[in-house]
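Take a look at the sequence and the structure below. A short report follows, part by part.

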Amino acid sequence: AGLGVNALYGYLSSESSINWGAGMGPLAGATQRNESSAEGYGIEGIAGATYRINDRWTAGAVLRSGSRILLKGDETATIVGLGSEHSDFEAPVHHPATTGAGLAWQARKDLKFTCDIAQAWWKGFTSARTYDTPGALLKSNKNTYHWFNSVKFRLGALKRLSEKTEVMGGYAFDTWAIDRKSVDFSTAVDVPMHRFSAAVSHTWSPVETTLGALAGAGRRTSGGVDYSLYGWYVIGEAKYRF
């Protein structure tokens with residue numbers, strides 16, 4: 001069993017430009033530029049445990065409390081040729097709590113299978129921002145999202161080919177968290193995701209090397225429109241033991 005504490009730091013910096021078109025009255029044809037930055041701190045707790053049931057089975061569970069980080073900073077909005085507004089602001093960041101539980105089965109001395117289920121508690125996520133001195137350009141907003149808590153299912157296998165070589169493979173499925181009326185491809189919780197992974201590790205004493213790859217894809221339909229997301233990566237690692 002174990003207990004721990006994470007120190008969290010959040011930093012936000014953004015720049016945006018909007019060109020107002022026809023029909024915007026006095027703003028028609030004008031360009032608005034916004035610049036903002038903010039930072040904040042938080043802590044979260046972690047608790048976990050593993051239990052060896054017998055020589056073949058091991059169970060484990062973990063809980064991470066998550067945290068609410070309050071970012072504090074300032075923003076300037078400028079309409080070129082017309083003036084600008086400036087204000088300090090606060091913006092809460094919902095760092096979600098997570099829970100997980102899993103099992104490992106040592107099928108043979110050289111073969112192990114694992115499975116686990118994890119949940120991220122996204123419900124309550126928000127992008128609210130409150131300005132100290134709101135104006136015509138800088139307006140406080142709530143922007144509370146109707147996100148779901150997402151669930152991840154994972155399966156894995158590890159096969160030892162020799163004393164120096166191991167191969168690994170895995171599959172994971174994530175449910176999505178974003179509500180059906182929203183689209184946000186800045187994060188993979190927008191669509192249900194299928195992920196496949198594989199890796200091989202080899203030891204040339206005193207060097208240990210690993211080569212791995214992961215690929216994932218998902219799609220969903222919202223308002224009669226299909227949305228999809230996919231990606232992949234290959235990663236290598238080398239360790240030297242003194």
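Which side chain makes a polar contact with the side chain of asparagine 34? The partner is the side chain of glutamate 75, at 2.9 Å. A polar contact here is a pair of N or O atoms within 3.5 Å; within protein, one must be able to donate a hydrogen and the other to accept it, and residues adjacent in sequence count only if both atoms are side-chain atoms.

## About the model

This is a predicted model, in which local features need pLDDT of at least 70, side-chain atom pairs count only at pLDDT 80 or more, and totals for chains, interfaces and linings use all residues. Residues are numbered from 1 along each chain as its sequence is written, and side-chain values use heavy atoms, with hydrogens and water left out.

## The whole chain

The protein chain has 13 strands and zero helices. Both kinds of element are DSSP runs, numbered from the N terminus: helices are H or I with at least four residues, strands are E with at least two.

The radius of gyration of the protein chain is 24 Å, whereas a compact globule of 242 residues would have one near 18 Å. That radius is taken over C-alpha atoms, and the globule rule is 2.2 Å times the number of residues to the power 0.38. Along the principal axes, the C-alpha atoms fill a box of roughly 75 × 40 × 40 Å.

## Surface, contacts and charge

Of the 242 residues, 26% count as buried. Buried means under 20% relative accessible area, exposed means over 50%, and partly exposed lies in between (1.4 Å probe, protein chains only). The protein chain exposes about 15600 Å², and carbon and sulfur atoms supply 59% of that area. The areas come from the Shrake-Rupley method with a 1.4 Å probe; for residues, only the protein chains shown count as cover.

Take the contacts with a separation of 6 or more: residues 24 or more positions apart account for 56% of them. Contact means heavy atoms within 4.5 Å. The chain has 25 positive and 22 negative charges, and their mean positions are 10 Å apart. Lys and Arg count as positive, Asp and Glu as negative; His and the chain ends are not counted. Each charge is placed at NZ of Lys, CZ of Arg, CG of Asp or CD of Glu.

Asparagine 34 sits in strand S2 (residues 31–52). Its relative accessible area is 11%, so asparagine 34 is buried. Leaving out residues up to four places away in sequence, asparagine 34 touches Ser14, Glu15, Ser16, Glu75, Thr76, Ala77 and Leu138.

Glutamate 166 belongs to strand S10 (residues 165–174). Its side chain makes a polar contact with the side chain of arginine 160, at 3.3 Å. With the neighbours up to four places away in sequence set aside, glutamate 166 touches residues including Leu158, Leu161 and Val200.

Is leucine 3 buried or exposed? Leucine 3 is exposed, because its relative accessible area is 81%. This residue is found in strand S1 (residues 2–19). Beyond residues up to four places away in sequence, leucine 3 touches Ile46 and Ala47.

Leucine 137 lies in the loop between strand S8 (130–131) and strand S9 (150–160). With a relative accessible area of 24%, leucine 137 is partly exposed. Leucine 137 and glutamate 85 are 52 residues apart along the chain, yet their C-alpha atoms are separated by 7.0 Å.

## A cis bond

Most peptide bonds are trans. A cis peptide bond joins serine 205 and proline 206, with omega about 5 degrees. Proline 206 is in the loop between strand S11 (193–204) and strand S12 (207–222).
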